[in-house]
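I opened my notebook for a first look at this structure. Here is what I looked up, entry by entry.

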Amino acid sequence: MDWYQTVFELIDMRSFSNLWYWIALAVLWSSTAHYVLGVPFDLVQRAARSGGQADADLRDMVRINVNRILYIAGAAGIWLVALGSCLLTVLASLGWGYGNEFCQALFLLLFPMSLVALLSSHTARHIHANAIQGKALYKRLKRHRFFTQAIGMVSIFVTAFWGMLQNMQIGVLGG
């Protein structure tokens with residue numbers, strides 16, 4: 001038995017049966033739900049609860065991140081949408097058209113994140129255009145987090161369902 005065969009038997013290199021893929025999925029959605037427009041959600045809660053310095057810190061972080069998001073969207077938004085759409089199309093085509101499990105796994109990670117990116121851009125534009133502050137800002141950030149979590153829950157469900165189906169097919173067909 002050679003070294004490569006031993007390693008590949010020890011670590012399953014297929015995406016949906018690989019523990020590292022599921023760990024990456026959990027970390028991705030956990031961090032995405034925690035950072036609302038790049039601001040830690042515990043800061044939003046602290047600012048809403050106590051105000052004062054926490055509120056000032058929140059306003060500063062939101063202002064910086066909103067300006068950053070709007071700058072990136074203005075400077076390279078069309079290119080990012082075009083390249084992202086191209087990448088997602090290639091991944092979907094290779095994944096489901098040609099049966100490449102790795103491309104399916106990447107698509108199931110990146111497509112929902114593209115929805116979160118669009119939601120973040122929309123929220124940033126709304127906050128900037130309306131100069132939202134105080135309780136309205138807390139409410140908007142909480143709403144953004146809710147929709148991010150909803151996208152995450154649907155994404156995890158679909159990914160788990162598809163991964164389970166793939167693993168059952170491999171198990172039935174013998175790999």
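Which residue forms a salt bridge with Asp-42? I looked it up, keeping in mind that this is a predicted model. The partner is Arg-46, and the closest N and O atoms of the pair are 3.4 Å apart.

Next I checked where the two sit. Both Asp-42 and Arg-46 belong to helix α3, which spans residues 41-50. They are four residues apart there, so about one helical turn separates them. I then searched the whole structure for salt bridges and found three.

From α3 I moved on to its packing against α4. The axes of these two helices lie 7 Å apart, and the packing angle is about 135 degrees. Angles over 145 degrees would count as roughly antiparallel, so I noted α3 as oblique to α4. I wrote down the crossing of α3 and α4 as left-handed.

Then I followed α4, residues 52-97, to α5, residues 101-130. Their axes come within 9 Å and cross at roughly 155 degrees. That angle makes α4 roughly antiparallel to α5. Here, too, I noted a left-handed crossing, for α4 and α5. I also sorted the residues of the contact between α4 and α5: 19 are nonpolar, seven are polar and one is charged.

My last entry is about the surface. I found a nonpolar patch of about 630 Å² there. Its residues are Val-154, Phe-157, Val-158, Phe-161, Met-164 and Met-168. I looked up one of them, Phe-161, and placed it in helix α6, which runs over residues 134-173.

Note on methods
Residues numbered from 1 in each chain as written. Predicted model: local features only at pLDDT ≥ 70, side-chain atom pairs only at ≥ 80, totals over all residues. Heavy atoms only, no water. Patch = residues over 30% accessible without salt bridge, like charges linked within 9 Å, V, L, I, M, F, W, Y side chains within 5 Å. Areas by Shrake-Rupley, 256 points an atom, 1.4 Å probe, with all protein chains shown as cover. Salt bridge = Lys/Arg side-chain N within 4 Å of Asp/Glu carboxyl O. Axes fitted to C-alpha atoms, helices over the stretch in contact; angles between N-to-C directions. Parallel < 35°, antiparallel > 145°, perpendicular 65-115°, else oblique. Left-handed = near helix turned anticlockwise from the far one by under 90°. Nonpolar A, V, L, I, M, F, W, Y, C, P; charged D, E, K, R; others polar.
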